[in-house]
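Here is my notebook for today, with the chain open on one side and the page on the other. Have a look along with me.

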Amino acid sequence: MTPRPRFGRLLAAEWIKLWSLRSSYWVLGAGALAVVAINVNAARSNADRLATMLPSPDGLDPRMMFDPMHTAFVGPAYQILVIIAGSVGAIALFGEYSSGLIRTTAAAVPDRRAVVAAKAAVVTAVTLAMGAVVALTSFTVSQWLLREYGGLSLADPGAARAVAASALLAPVSALVGMAVAALIRHATGTVVTTIGVLLLLPALFGGDTYRWVAEIGHAMPLPAWQTLTLNPAMDYDPGRYPATVTGSWIVLAAWPLAAAVTAVAVVHRRDL
């Protein structure tokens, strides 16, 4: 009987698979730079704009209404991060099906659940590292540029929470992409569906007229991230059915867990 390979060896194999693709370097590197650049450019632009502002005739300084937190976590920038991380997670799995490598892998390691679990662990670690670097760099540089206009530190209320949530958004998106790849097994269909689930569905359920619509929207990763990156020192309009911080953390924990379980179960049960 062939002994089962140790999980550490499966991790090493999946690490080699991921980095054997040049696209991994380019997508992760260029994507991280693009996200940081957008956030830093927003901070620089705001700093230039604030430098020219003067108090209104009634003595109110418009700079007091400025939220420096927002410039470190610009929505479009993190939508790009979601697309990049989701695509990396999807490619990590459907790439094996499109190349036929999955049959070789299954022959060498019959326990497909262990293989997918190792793949999910590697993808999670890589994308979490990327997300952490992007979030910390964006926050540090943007707040330094805004140091004269209320720039924050990690010790300020909500700052560490926002950085942590932004870092976690990458592996959450990657694992969702992997789960979609396990279900669809087609390159274009997987990427399009992943983007639809992570970006388009939250837009469809972004209304605040009906409670059930708002609750569905709050249960998605991107809206949860948006809630966690709000500056608690600012007076935001919470809407009729506001999301909670606790609920948003639960969303960011539940989605990757459900996605990983789905990927493992589907690959284990379906024919190659």
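**Entry: a pair in the opening helix**

I started with Glu 14 and Lys 17, which both sit in helix α1 (residues 7-19), three residues apart, about one turn of the helix. I noted that helices here are DSSP runs of H or I with at least four residues, strands are runs of E with at least two, and both are numbered from the N terminus. I then looked at the two side chains and found that Glu 14 and Lys 17 meet in a salt bridge, 3.1 Å from N to O. For that term I used a side-chain nitrogen of Lys or Arg within 4 Å of a carboxyl oxygen of Asp or Glu.

Before going on, I wrote down what I was working with: this is a predicted model, in which local features need pLDDT of at least 70 and side-chain atom pairs count only at pLDDT 80 or more, while totals for chains, interfaces and linings use all residues. Residues are numbered from 1 along each chain as its sequence is written, and side-chain values use heavy atoms, with hydrogens and water left out.

**Entry: a second partner**

Glu 14 counts as buried because its relative accessibility is 5%. Lys 17 has a relative accessible area of 21%, so I put it down as partly exposed. Lys 119 is buried, and so is Glu 14.

**Entry: the other salt bridge I looked up**

The structure holds five salt bridges. Another one that I opened joins the side chains of Arg 113 and Asp 111, at 3.8 Å from N to O. Arg 113 is partly exposed because its relative accessibility is 43%.

**Entry: α2 against α6**

I reminded myself that two packed helices are described by the angle between their axes and the distance between the axes. The axes of α2 (residues 22-51) and α6 come within 9 Å and cross at roughly 20 degrees. That angle is why α2 is roughly parallel to α6. The axes are lines fitted to C-alpha atoms, for helices over the stretch in contact, and angles run from 0 to 180 degrees between N-to-C directions. My cut-offs were under 35 degrees for roughly parallel, over 145 for roughly antiparallel, 65 to 115 for roughly perpendicular, and oblique for the rest. α2 passes α6 in a right-handed crossing, the near helix being turned clockwise from the far one by less than a right angle, with anticlockwise for left-handed.

**Entry: α10, α11 and the loop between**

The axes of α10 (221-228) and α11 (245-269) come within 9 Å and cross at roughly 140 degrees. So α10 is oblique to α11, and their crossing is left-handed. I found α10 mostly covered, with seven of its eight residues buried. Among them are Trp 225 and Leu 228.

Is Asp 235, in the loop between these helices, buried or exposed? Asp 235 is exposed, because its relative accessibility is 78%. Its C-alpha atom is 9.3 Å from that of Met 65, 170 residues apart along the chain.

**Entry: Leu 168 and its surroundings**

Leu 128, Leu 168, Val 245 and Trp 249 make a nonpolar surface patch of about 270 Å². Leu 128 belongs to helix α6 (residues 112-145) and is partly exposed because its relative accessible area is 34%. I also looked up Ala 253 in α11, whose C-alpha atom is 9.1 Å from that of Leu 168, 85 residues apart in sequence. Patches take residues with over 30% relative accessible area and no salt bridge, joining like charges within 9 Å and nonpolar side chains (Val, Leu, Ile, Met, Phe, Trp, Tyr) within 5 Å; the areas come from the Shrake-Rupley method with a 1.4 Å probe, and for residues only the protein chains shown count as cover.

**Last entry: the whole chain**

Of the 272 residues, 44% count as buried.

Note on methods:
Buried < 20%, exposed > 50% of the residue type's maximum accessible area, 1.4 Å probe, protein only.
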